[in-house]
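Q: Can you walk me through this chain? I'd like the fold order, then the surface, then a residue or two.

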Amino acid sequence: MQKGVIVRHLILPLATNDAIEVIDFVKNNLKGTALSLMSQYTPCGNLENHKELQRKITKREYEKVLSFAMDSGIEEIFIQNLSSSNKDYIPPFDLSGV
């Protein structure tokens, strides 16, 4: 892709239906837009009051969203491996390197 728009969507645990709605929106309203489905959600911080966010997405959840996306007719779809959900990818958020 050399020019255009990419909609990036982070798939969250227990939110596959929301991800499917995003895919439908892109398909129906943003013709020619590429879609990037991200599987990198990694729980961190204080999630005590948010049980649904205390885990990574499952293989089953990701495959459900990917399957729907592939069948949607969107021509350009970028995907990640589930292994991208890893604490090694979380920056320190301490302003180092700024």
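A: This is a predicted model. From the N terminus on, its elements run β-α-β-α-β.

Q: How many helices and strands is that in the chain?
A: Two helices and three strands.

Q: What box do the C-alpha atoms fill?
A: Along the principal axes, roughly 40 × 35 × 20 Å.

Q: And what share of the contacts is between residues 24 or more positions apart?
A: Counting contacts with a separation of 6 or more, such pairs account for 74%.

Q: Charges: how many positive and how many negative?
A: There are 11 positive and 12 negative charges, and their mean positions are 2 Å apart.

Q: Now Ser-36. Which element does Ser-36 lie in?
A: Strand β2, which covers residues 34-38.

Q: Is Ser-36 buried or exposed?
A: Buried. The relative accessible area of Ser-36 is 11%, and the cut-off for buried is under 20%, so Ser-36 counts as buried.

Q: What is Ser-36 in contact with, leaving aside neighbours within four places in sequence?
A: Ile-6, Val-7, Arg-8, His-9 and Phe-78.

Methods
Residues numbered from 1 in each chain as written. Predicted model: local features only at pLDDT ≥ 70, side-chain atom pairs only at ≥ 80, totals over all residues. Heavy atoms only, no water. Helix = DSSP H or I, 4+ residues; strand = E, 2+ residues; numbered from the N terminus. Contact = heavy atoms within 4.5 Å. Lys, Arg positive; Asp, Glu negative; His and termini not counted. Charge placed at Lys NZ, Arg CZ, Asp CG, Glu CD. Buried < 20%, exposed > 50% of the residue type's maximum accessible area, 1.4 Å probe, protein only.
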